[in-house]
Every structure is written in structure tokens, then in C-alpha cells.
Amino acid sequence: MAEYAIEIDGLVKKFGDFTAVNGISFKIKKGEIFGLLGPNGAGKTTTINVVLGLLKLTSGKITVNGLDIKKYGEEIKQRIGLMTQETVVEGDLTAWENLEIFAELYHVSPAGERNKRIVEALKEAELTDFAKKKAGTFSGGMKRRLELVKSMIQHPSILILDEPTTGLDIQNRTNMWKHIKELNSLGVTIILTTQYLEEADVLCDRIAIIDHGKIKAIGTVSELKKVVGTGRILEVIAENHGDAAAISGILKTHFKLKPEIKVDKVTAIVEIGHEEKTMSKLLIELSKKRIKISSVSMHMPTLDDVFMALTGASTRDATHDDNSSRMDSMMRGMRGMR
Amino acid sequence: MSLLTDSFTLFKREMLIFRSNLKVNLIRSIIFPLVFIVFFGNIGTSINNAPIVVVNSANNPQSLSFISDLQANNYLSISTITDEATALGMLQNGKIQIVVVILPTFPSSKQNVPGIQVYYSNTQQSVTGFALPIISAAAAKFDNNVQSVNKGPSASSNPSGGQVASNALYAANGNYKDFLVGGIVPMVVVFGSLFGGGISLISDRQLGNLKAFFITPINRSAIVLSRILSGSVVALLYAFLALLIGVLDGAQIAGGFETIAVIAIVAVILSCGFTSVALILASKIKRVDAYAIFSQVVGLPLWFISGGIIPVQSLPSFLAAVSVVDPLTYANTIIRALTLQGFIAFDVLLLNLGIISLFAIVFIFLCLKVFKSSSTEE
Ligand SMILES: Nc1ncnc2c1ncn2[C@@H]1O[C@H](COP(=O)(O)OP(=O)(O)OP(=O)(O)O)[C@@H](O)[C@H]1O
Ligand SMILES: [Mg+2]
């Protein structure tokens with residue numbers, strides 16, 4: 001038995017001249033929850049599509065359970081479940097029918113076994129009472145739950161979740177996290193992509209931070225937090241954007257820190273033990289120079305800080321463009337026409 | 001083996017989705033036949049008493065029997081004169097639409113020696129479209145080769161012949177509505193297949209369903225086969241509804257069960273071909289709106305030149321030439337013969353079925369090939 005669920009070695013994927021994935025390598029251990037964290041367009045979905053054989057790789061090598069995807073594409077498909085970034089339950093079909101179609105496409109047989117799995121899946125998704133209702137009438141959270149159990153109907157050993165909680169409310173999100181952890185505790189290796197640091201923090205054993213098709217860092221959450229040092233993070237937000245540079249200047253000259261500016265936000269790492277002194281001296285300096293600030297704080301490093309340090313962008317700035325979802329609703333209107 | 005079961009699973013999905021949108025689908029499918037049959041069918045010219053002049057140059061018992069056969073037909077008004085030049089003059093003046101000259105060679109059984117020469121003008125297309133098949137069918141009783149010469153603005157010559165049982169011929173009621181109802185069948189089949197097959201594929205790609213299928217261990221061909229299968233079932237339903245609307249509106253369909261059975265076969269073959277065309281187009285065109293326009297651009301001309309609403313004989317010659325490569329022309333030949341005459345010679349049926357089957361097989365094959373090599377990449 002191979003030790004790794006997935007091994008990616010020097011993966012490059014080009015679309016014409018554009019390189020979406022630029023030589024990434026990592027190994028995912030069996031039984032772990034592995035996070036691919038990165039902003040929009042980082043190459044997360046592309047990487048997943050290549051692993052699933054939906055896209056041909058430009059160069060590099062990928063093995064799943066020790067099997068080369070180029071040679072064992074069909075065997076591998078049976079072993080991997082995917083929940084795509086866009087929810088793709090069929091709105092015109094009932095929850096039961098949605099599951100049944102995929103149970104059949106994954107060749108789950110005989111019919112008795114299929115039915116058993118569908119009943120189980122519905123229960124797991126808390127949709128037993130909605131089995132005969134059309135999925136199109138479901139709320140976003142219900143659809144997402146249906147999709148999660150749908151992607152597990154063939155009982156795969158690896159489950160890939162592409163942004164599983166994007167667009168869900170807090171309650172559904174925590175619920176989804178619970179489900180993912182449960183699945184993992186049953187021995188399923190999970191790979192998830194996310195733009196939410198909190199999600200990666202809560203769920204993942206290990207994380208790879210990916211940006212512009214390259215891996216910026218890889219490790220456990222605590223390993224990654226060390227990237228920003230052992231100190232505390234000082235964060236000052238100026239009331240006027242123009243003052244950010246002045247604040248940064250004070251931190252440089254008076255405190256010998258290495259501040260980073262992001263629009264109106266200035267951050268710097270402060271050594272442990274110096275937090276309070278730095279804070280009070282800074283406030284005095286600022287009032288002397290008559291610089292108005294809207295907030296100042298000192299906190300333990302979070303993944304957000306790691307992310308900012310590595311990619312130069314906060315994930316909160318990463319916004320989804322709404323075009324795709326508008327397109328979706330238009331498509332849904334037309335789709336039943338056959 | 002799994003290709004069949006996978007295809008069936010996806011077929012089931014297509015049909016469930018179809019059923020789920022039954023109302024919209026049915027309304028969409030009957031609106032065209034309804035407009036065409038009820039509206040155009042009822043304003044079309046009736047060809048009762050189409051004025052025809054017969055010039056009998058043979059003057060033998062067979063030719064007299066042929067003339068009385070023509071006279072027995074309610075929809076033709078036959079007068080005989082002896083001078084061919086006078087008859088052609090009347091044709092030129094527009095007093096009549098058709099001149100039938102029974103040549104001294106009548107009855108002729110030789111392929112290149114016509115027994116009858118037909119001159120017609122294109123001024124009243126529905127008249128010639130009707131009368132010509134009736135005349136050639138009547139002539140076929142004498143195993144004759146008919147040569148028809150178009151004296152209208154655009155000349156075309158369509159020799160036709162064959163053994164046609166004359167009795168069945170008279171069962172047909174010759175009005176435009178009867179003519180139209182047959183032509184509506186290929187239309188609903190083609191537009192149903194082009195629209196349904198293409199839009200469902202594009203929307204499945206846009207919504208990610210195609211990706212979801214591609215990551216399952218199914219044979220990719222199942223995606224194509226299931227859609228061809230479901231397209232055929234839907235096309236059959238649409239064809240049946242179109243005929244039903246026609247009949248309810250008073251159109252007469254000659255022949256009985258055999259007519260319906262052959263029409264069903266033609267509908268299925270056409271649908272297989274055109275669903276494949278739709279899938280090939282839809283795998284190239286990514287946008288629903290662009291596809292919807294493009295499918296009309298493909299479908300409408302094919303339908304117009306196939307003799308669907310006006311007889312091919314009445315088309316300008318360059319379009320008549322194009323209609324030779326239009327599979328719908330052959331479908332219409334079969335369906336027209338059946339709905340108007342209730343009869344089609346077996347060899348003619350076989351030839352025309354063969355041609356549309358060839359069209360379907362070629363495009364199914366192309367479609368499977370396109371899907372084998374396609375990925376989800378743009
Ligand atoms: N089929 C394609 N053809 C051309 N370019 C593509 C294609 N698919 C993706 N790209 C480009 O590759 C880059 C990576 O896209 P990808 O979808 O992998 O990003 P992502 O990390 O999943 O982002 P998101 O968080 O928005 O889902 C983007 O710049 C995208 O525009
Ligand atoms: Mg993505």
C-alpha cells in the first residue's frame with residue numbers, strides 16, 4: 001500500500017500561453033485533511049481538475065494511491081469523490097433521483113445496495129423528509145449537503161472539496177465543517193480548497209498556500225504561523241489613507257520595526273515582552289504628530305498574517321465576481337427544455 | 001456492457017428532467033405545428049378542380065384508360081384537346097397550370113423513352129405540387145416514365161415514375177392542409193432535436209453536470225448515446241402531437257397503421273441524426289443564446305428547401321439542387337407519399353430510408369468521435 005493518497009510532482013498546467021499552475025509539488029498523506037489555500041485565480045481548481053483527469057497536465061507527474069493517473073485514470077475515478085466549487089445538484093430531479101443517478105453511474109450494485117446507500121446518504125444530509133422533493137426547491141445549505149453526500153455515494157477513499165463552504169451562512173458552514181471532520185474520522189482522506197483562513201485553521205492538518213500557480217508555503221498551521229515569527233502582530237489602521245506612510249515611518253525610526261503597508265493598514269511584528277511598552281509609546285508618538293487612527297491592536301499571528309506576508313494580499317480582498325452565479329440562474333431557467 | 005447501462009442511466013435522467021418540465025416542453029413543441037397547420041393550413045389554396053389539359057397523341061386504349069383515371073380524380077379538372085401548340089399557349093397565358101401530353105410511345109416501359117410529357121408552370125405552386133404526383137402515380141399504373149418540363153420562370157425537369165397503385169392514390173384529399181401536416185412532422189423532429197439536444201448539453205456544461213459525469217467511471221459515449229435515445233423518444237412524442245393537431249384541425253391522413261408506423265421510424269432516424277448534429281454544434285458553441293440562433297440558421301433553410309411547406313418542384317432551380325443534399329427532402333418524400341396517397345413503392349421507401357439512415361449514422365459516428373477526444377477545456 002502506498003503511503004500517500006496523492007503525490008504531485010512538478011505539476012505544470014498551461015492554457016495556451018497562460019500558465020495557471022507553475023511547477024507545484026506536494027504529497028498528501030492518507031487520512032489527513034489537506035488544505036489548498038489561495039486567492040481567486042491561484043490555480044486551486046485547475047490543480048484539482050488535473051488530478052481528476054478533467055484536464056491534461058502540461059508536464060509533471062501525479063499519482064493517486066501510488067497509481068499514475070496517466071495509466072490508471074479509470075481505477076482512480078472510482079476512488080475519488082469530488083464536490084465541485086459550483087453546486088451541481090439537478091434542480092429538476094428529487095433528492096433521491098439525484099443520488100440514484102450517481103450511484104448508478106458509479107456502478108454501485110445491486111439495486112439493494114444502491115437503495116441502502118441512498119437512504120444512508122439522505123439521513124446523513126438530514127434530507128430524509130425531502131427525499132421526494134425536487135432539489136431545485138432546496139435552500140443553498142440543503143443543496144450543498146445533498147452534494148456532499150452525492151460525492152460520497154461510491155464510498156471513495158479520497159474526497160476533494162473545492163471551496164465547500166463558499167456562499168454558505170455561518171450555521172451551514174459550521175455544519176459542513178462537522179460533516180467533513182466526521183468523514184475524516186472514518187478514514188477518508190480529504191483535500192479541500194478554500195479562500196477562508198479560518199476554515200483552513202479549523203479543519204486542516206496541513207496547508208499549502210498557493211498563489212499565481214506556485215506554492216508559497218506548506219506545513220501545519222503552527223508551522224506556517226512561524227513564518228511571521230514568534231512575536232505578536234501590531235496592527236494600526238489610519239483614519240486617513242495618507243497617514244499610513246507616516247505611521248510606518250514612526251515604526252521604523254522609533255521602534256526599529258519592519259512595517260508593511262496595505263492601503264490604510266500598517267502591520268509589524270513585535271517581539272514578545274515588548275508589546276505593552278511598544279503600544280503605549282506608539283500612542284504617544286502618534287498624538288504628538290497629530291496622526292489620527294481608527295484602531296490599533298496587538299494579536300497572536302493568524303493565518304491571515306501568514307497569508308499577507310506570503311502573498312502580499314489579504315484574503316478578505318479576494319472577491320468573487322458575480323457573473324458566474326448570474327449565468328447560473330439564467331441557465332437554470334432554460335435547462336429543462338429538451 | 002457498462003456502455004449500455006450507463007447510457008440507460010443517463011437516458012433516465014434526461015427523461016426525468018423532460019417530465020419535470022413537461023408543460024413547458026409540450027407547449028413549446030405544439031406551438032409551431034399549431035400555428036402552421038391551423039393558420040397556414042386554412043388559408044392555403046384548395047386545389048379542387050386544378051385545370052389540366054391533356055393532349056392525346058397516342059390514341060390507344062391504354063391512353064384512354066389513363067385519361068379516364070385522371071378524370072375520376074376529384075381534384076383535377078381534365079379537358080382534352082388535340083393540338084399541343086394550343087395547349088402550350090394556354091399554359092403560357094396562365095389559363096391552365098399543367099399540360100399533359102400523351103406521347104405516341106405510350107405506354108412505354110423503357111427507362112429513357114418517356115410515355116408522357118408534362119408541362120407545367122410555377123405560377124400556382126400548390127397546384128403543381130399536388131397534381132404532378134397524382135399524374136405520375138396514375139401513369140405508373142401503365143408502367144410509364146413521365147417526363148415533366150417546367151415552363152415557368154425557372155425551368156426544371158423531374159422525370160419520375162414507378163409502379164404506383166392507383167386506387168390508394170384517390171384516397172387522398174388534395175388540399176393544402178393535408179399537404180402541410182406531413183411536412184410539419186420533420187419540422188418538429190428537427191427543431192426539437194436541434195434545440196433540445198444542444199441546449200441541454202450547453203446548460204449541462206455551464207452548470208457543471210458534464211464535469212460531474214466526466215469524473216465518474218462511465219464510458220463517455222454513454223453521454224452521447226443517452227441523449228440520442230432521449231431525443232428520439234421526445235421527437236416521437238412531438239411528431240405524434242403534430243399529426244394529432246393536424247387531424248383535429250381536419251387534415252386527412254391517407255393510409256392507416258402502416259403510415260403512422262413508417263412516419264415514426266422516419267422521425268426516430270431523423271432525430272438520431274439531428275440530435276448528433278446538435279451535440280456536435282453544442283460542443284463547439286459555448287453560449288446558449290448563440291446556439292439558439294445558430295440552430296435556427298441551420299434548421300430553417302433545411303426545412304424550407306425540403307418540400308416541407310412548398311413542393312420541391314416549385315423551388316427555384318438552385319434551391320431544388322441544394323435540396324438533394326438535405327436529408328429532410330427524403331424524409332418528406334416518404335411522409336408525403338404516405339399521408340397523401342397512403343402508399344409508397346417499396347423500393348422508393350427503401351432508397352429514401354437508406355439515405356436518411358446514412359445521414360444519421362454518419363453524424364452519430366462523428367458525434368461519438370468529437371466526444372471521445374473532447375475534454376472540459378475551453
Ligand atoms: N479553461 C481555462 N482556460 C483558460 N484559463 C483558465 C481556464 N481555467 C482556469 N483558467 C485560469 O487559470 C487561473 C487559475 O484558475 P483556477 O480556477 O484554478 O483558480 P482558483 O484558485 O480555483 O480560483 P477561485 O478561488 O476563483 O476558484 C485563472 O487565472 C483562470 O482564469
Ligand atoms: Mg476554484
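User: In which loop of chain A does H155(A) lie?

Analyst: Helices (H or I, at least four residues) and strands (E, at least two) are DSSP runs numbered from the N terminus, and on that basis H155(A) lies in the loop between α5 and β7 (158-162) of chain A. The phi angle of H155(A) is near 55°, a positive value in a residue other than glycine. Please keep in mind that this is a predicted model, in which local features need pLDDT of at least 70 and side-chain atom pairs count only at pLDDT 80 or more, whereas totals for chains, interfaces and linings use all residues. Residues are numbered from 1 along each chain as its sequence is written, chains are lettered from A and ligands numbered from 1 in the order in which they are written, and side-chain values use heavy atoms, with hydrogens and water left out.

User: Which two residues does a cis peptide bond join?

Analyst: The cis bond joins S109(A) and P110(A), with omega at about 0°, and P110(A) is found in the loop between α3 (95-105) and α4 (111-124) of chain A.

User: What is the area buried between chain B and chain A?

Analyst: The size of an interface is often given as the accessible area lost when the parts come together. Here the buried area (accessible area, 1.4 Å probe, that two parts lose on being put together, summed over both) is about 3600 Å², and carbon and sulfur atoms give 61% of it. L207(B), I215(B) and P217(B) supply 21% of the area that chain B buries against chain A, more than any other three residues. In terms of contact (heavy atoms within 4.5 Å), 41 residues come from chain B and 36 residues from chain A.

User: How many salt bridges does the rule find across that interface?

Analyst: The rule finds three between chain B and chain A, and the side chains of K12(B) and E100(A) meet in a salt bridge at 4.0 Å, N to O. Among the elements that give two or more residues to the side of chain B that touches chain A are α1 (2-20) and α7 (176-207) of chain B, and the largest share, 12 residues, comes from α1(B).

User: Where does ligand 1 lie, and which residues come nearest to it?

Analyst: A residue is near a molecule if one of its heavy atoms lies within 4 Å of it. Ligand 1 lies between chains A and B, and of the 15 residues around ligand 1, N40(A), G41(A), T45(A), T46(A) and E163(A) come nearest. A polar side-chain atom of N40(A) lies 2.7 Å from an oxygen atom of the ligand, an N or O atom in the side chain of E163(A) is 2.8 Å from a ligand oxygen, and a polar backbone atom of A42(A) is 3.1 Å from one. Taken alone, ligand 1 exposes 630 Å² (Shrake-Rupley method, 1.4 Å probe), and the protein buries 69% of that.

Technical notes: Polar contact = N/O pair within 3.5 Å; in protein donor to acceptor, adjacent residues only side chain to side chain.
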